[in-house]
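Colleague: Happy to look at this one with you. Could you walk me through the charge pairs and a helix contact?

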Amino acid sequence: MKATDAERSSGAGAYERLLRAIEEGELVPGSRLREAELAERFQISRTPVREALGRLEAQGLVAHEPHRGASVAQLDYGQVSELYDLREVLEGTAARLAAIHASAVETEILEEMVARDRTLLGDAPALARTNRLFHRQIHGAARNRFLQSTLETMRLSLVLLPGATTLAAPDRAAESLAEHATIVAAIRAHDGDGAEAAARTHIRAAFKARIRIWQEA
C-alpha cells in the first residue's frame with residue numbers, strides 16, 4: 001500500500017492504515033507489530049507508526065507486553081461474550097430509534113442495501129464490508145450522537161473478533177440478510193418494538209455463529 005506525502009508525515013494517516021489492516025484481516029489478533037516492519041510495509045516513517053500504535057493501544061486494539069513488544073490484541077471467550085451482550089443492547093436501541101426517526105429516504109437506502117447484498121451472496125469479505133455499512137446507516141438514522149459514538153467505540157473492538165467473518169459460515173450470509181430485511185421492514189412500519197426485537201435476534205444469531213466458528217477452529 002502506498003502512502004501520500006500527508007500520510008507519511010501524519011500519525012492520523014498511519015492510524016487509519018493500521019486500523020484498516022486489522023479490520024480487513026491483514027493483521028490478525030496476536031500478530032506482532034514492529035515499527036520498522038510497519039514503516040517499510042506502508043512506506044511511511046517510524047514516527048507516525050509509533051503514534052498510531054500508541055493510539056491503538058489506548059483504544060485496546062494493540063497490546064504491549066514486556067520482552068515481546070506490541071501485537072494486535074486478542075479477545076478471550078469471556079470478552080467476546082461481553083461484547084455481544086453489549087452489542088445486542090446497543091444495536092437493538094439503534095434499531096428502535098431508527099424506527100422512530102428514519103426518513104423515507106433513509107428507509108429506502110436500507111432497503112436498497114439489502115437488495116444489493118443479495119447479489120453478493122458467496123462473497124463473504126464483500127458482505128462483511130457492506131454489513132458494516134448497513135449497521136452504520138441504522139446508527140445514523142437513530143439520530144442519537146451519544147449512542148452513535150458508543151457504537152463506533154464498540155465497532156473498534158469488533159475488529160478483534162477471532163476467526164473469519166461469521167458471514168463465511170454455511171447458510172449464515174442468507175440468514176443474516178433475511179434478518180436485515182426484517183429489521184428494515186419494522187423500521188419502514190415505524191414499529192420500534194419490532195425493530196428492536198429483530199435487531200436483538202440478529203445479534204444473538206451472529207454470536208451463535210461466532211461460537212461455532214470458535215469451536216471449529
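Modeller: Gladly! A salt bridge here is a side-chain nitrogen of Lys or Arg within 4 Å of a carboxyl oxygen of Asp or Glu. This is a predicted model, where local features need pLDDT of at least 70 and side-chain atom pairs count only at pLDDT 80 or more, while totals for chains, interfaces and linings use all residues. Residues are numbered from 1 along each chain as its sequence is written, and side-chain values use heavy atoms, with hydrogens and water left out.

Colleague: Which residue forms a salt bridge with Glu23?

Modeller: The N to O distance in this pair is 2.3 Å. Glu23 lies in helix 2 and its partner in helix 8, 132 residues apart.

Colleague: Is the crossing of helix 3 and helix 4 left-handed or right-handed?

Modeller: Glu35, Ala36, Leu38 and Ala39 in helix 3 meet Arg46, Val49, Arg50 and Leu53 in helix 4 (contact means heavy atoms within 4.5 Å). A crossing is right-handed if the near helix is turned clockwise from the far one by less than a right angle, and left-handed if anticlockwise. For helix 3 and helix 4, the crossing is right-handed.

Technical notes. Helix = DSSP H or I, 4+ residues; strand = E, 2+ residues; numbered from the N terminus.
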